[in-house]
Amino acid sequence: MKARTKKLTALLLAVAATLSLALSGCGSASDKQDGGQSVSENASESANQTDGSVIHVGIAQDLTSSLDPHQAEGAGAREVLFNVFEGLYKPDSEGNFIPAVAETYELSEDKLVYTFTLRSDVKFHNGDTVTVEDVKTSIEDCMTNQDSPAYIPAFANIASVETPDEKTVVIALSEADPDFMSYLASVKAAIVPADSEDLDTNPIGTGPYQYVSRSIQENIILEKFEDYWGKKANIDRVVFKVCADSDSVTTSLKSGSIDMMAHLTATQVAQLGDEFNIVENTMNLVQALYLNNDFEPFQNEAVRQALCYAVDRQQILELVSDGKGAIVGSSMFPNFKKYFDESLNDIYSYDPQRAKELLKEAGYENGFSFKITVPSNYTQHVDTAQVIVEQLKAVGIDAQIHQVEWNTWLEEVYTNRNYEATVVGVDASYLAASAMLSRFRSDSSSNFVNYKNADYDVAYAAARAEISDEKQTEYYKACQRILAETAANVYIQDLPEMVALSNRFTGYECYPLYVQDIANIKLAE
């Protein structure tokens, strides 16, 4: 561990000599965390104090402005809202779909009609019992909410939602879709009250925790829902603390300001003592140097391929992740086992000479300059970008890093596509291959890299139209190969997931999705 830290430190010192980093918002976020946050949090806790247990969980960024699950964007929002909202079904830690608001469902022989029977004992956090009208309204909202960044395009395939009696909801599809249950099990398809008007600021769900309060850029407080239909949560109160300043995370953990933090780096973990248990997994995402394909040099496929040859992914793993994580060659991570194609990892081996040849063929023999916009609250992405900058120098490319706050990244990079390149991790919001691959369709509203490829569009459409699971998987793998061979982006790794949990607590479980399930955590005996 120490050897790795020294190597990365040496490299980053070299980077510091050549880069001018724009540390937008880091200082103010840290100030709020150390000063203003405690005032607001204490006020909230005093007003809603319970006599039971409390856990303080660090999160790398605040949620987006809306707390409505049908509107909230970003993985950071889902990892918190997972505790508040549920769909008709929901995923478990093994990736299975288990009953939630519904207790059972039946699928017609033609695979077009899903008939759900609701539980009779599910209550919303406002005390109202869930009705078929709540379910119908929620699903129809998902169908029509096409301007939302959280919109699932596959919901356009729903032909109708009917409620023949007080316990039955019938959803009919226009075309069979073997992934449909994965969409319904997503937080994005949460069941909410039909008459709710202020979910943006007062989220009401059916999950094991209910919303208490929120202080922007400081914390979100949840409380155990005593009328939860299933197994009650163990911890009475959860305080999600915004820790946007990654440099202060280990200090906050060691001081007891937070009891748990996910997405830590190997260097951060090495600074913690035996008062913490470290849970290791992978993040189930694809970290890449994502390229704006509308930016002039990146419009050229040969240039994008040159970047793939110029980036040494194994060195990034060693320097940034202490050798942990998994190399990926396209937009799919290894835990999506039946879809993941490991052979794509070998399409671009590290070959700076080949990179120079491709740059010359593309008319960039003398290289070019571009800017990498990186969210400053994710240490792994910042460190990865710094290593990439050094590696690209070897082929004559001058890359500069521009660090921004998370909300700025969402607006400028993801929404407005006003960027040249970025290092970030893209995850799956639901357990289906389409969650990773739909964004690269030419007409996708989520296609923030502006990738356009007719062959890809055809292959993706074929996958969506295919009923056979085996053939659909083949089409999805064809999509991944097209992304890899055309170098849509510089694919790097599925990052290692390291979660620090105070040994005062136990019961943490890893999920094949980017969520934090607090309900199973309990005080250690």
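# Helix pairs and buried residues

Q: Is Thr379 buried or exposed in this model?
A: In this predicted model, Thr379 is buried, because its relative accessible area is 16%, and the cut-off for calling a residue buried is under 20%.

Q: Where does Thr379 lie?
A: Thr379 lies in helix 11.

Q: And which residues is it in contact with, leaving aside the neighbours within four places in sequence?
A: Once those neighbours are set aside, Thr379 is in contact with Ser246, Thr265 and Gln268.

Q: Staying with helix 11, at what angle does it cross helix 9?
A: The axes of helix 9, which covers residues 313–321, and helix 11, which covers residues 379–393, cross at roughly 135° and come within 10 Å. The two helices are therefore oblique to each other, since an angle over 145 would be needed to count as roughly antiparallel.

Q: Which residues make that contact?
A: From helix 9 the contact uses Gln315, Ile316, Leu319 and Val320, while helix 11 brings in Gln380, Asp383, Thr384, Val387, Ile388 and Gln391. Sorted by class, the contact of helix 9 with helix 11 has 5 nonpolar, 4 polar and 1 charged residues.

Q: Is the crossing of helix 9 and helix 11 left-handed or right-handed?
A: The crossing of helix 9 and helix 11 is right-handed.

Q: Now for helix 14 and helix 15, how do their axes cross?
A: Helix 14, residues 454–465, and helix 15, residues 469–485, have axes that come within 8 Å and cross at roughly 160°. That angle makes helix 14 roughly antiparallel to helix 15, and the crossing of the two is left-handed.

Q: What meets what between helix 14 and helix 15?
A: On the helix 14 side there are Asp455, Tyr456, Ala459, Tyr460, Ala462, Ala463 and Arg464, and these meet Gln472, Tyr475, Tyr476, Cys479, Ile482 and Leu483 in helix 15. By class, the contact of helix 14 with helix 15 has 10 nonpolar, 1 polar and 2 charged residues.

Q: Switching to helix 12, which residues there are buried?
A: In helix 12, which runs over residues 406–415, the buried residues include Trp406, Trp409, Leu410, Val413 and Tyr414. They cover an arc of only 110° around the axis, so they are on the same side of helix 12.

Q: What covers the buried residues of helix 12?
A: The cover includes strand 15 (369–375), strand 16 (398–404) and strand 17 (421–427).

Q: And which residue with a positive phi follows helix 12?
A: Helix 12 is followed by Arg417, whose phi is positive, near 55°.

Q: Okay, another spot: where is Gly207 found?
A: Gly207 is found in the loop between helix 5 (180–184) and strand 8 (209–215). Gly207 is buried, with a relative accessible area of 0%.

Q: What does Gly207 touch, not counting residues up to four places away in sequence?
A: With those residues left out, Gly207 touches Asn83, Val84, Phe85, Glu86, His125, Phe225 and Tyr228. As for Ile191, which is 16 residues from Gly207 along the chain, the C-alpha atoms of the two are separated by 9.9 Å.

Terms used. Residues numbered from 1 in each chain as written. Predicted model: local features only at pLDDT ≥ 70, side-chain atom pairs only at ≥ 80, totals over all residues. Heavy atoms only, no water. Axes fitted to C-alpha atoms, helices over the stretch in contact; angles between N-to-C directions. Helix = DSSP H or I, 4+ residues; strand = E, 2+ residues; numbered from the N terminus. Parallel < 35°, antiparallel > 145°, perpendicular 65-115°, else oblique. Left-handed = near helix turned anticlockwise from the far one by under 90°. Contact = heavy atoms within 4.5 Å. Nonpolar A, V, L, I, M, F, W, Y, C, P; charged D, E, K, R; others polar. Buried < 20%, exposed > 50% of the residue type's maximum accessible area, 1.4 Å probe, protein only. Arc of directions from axis to C-beta.
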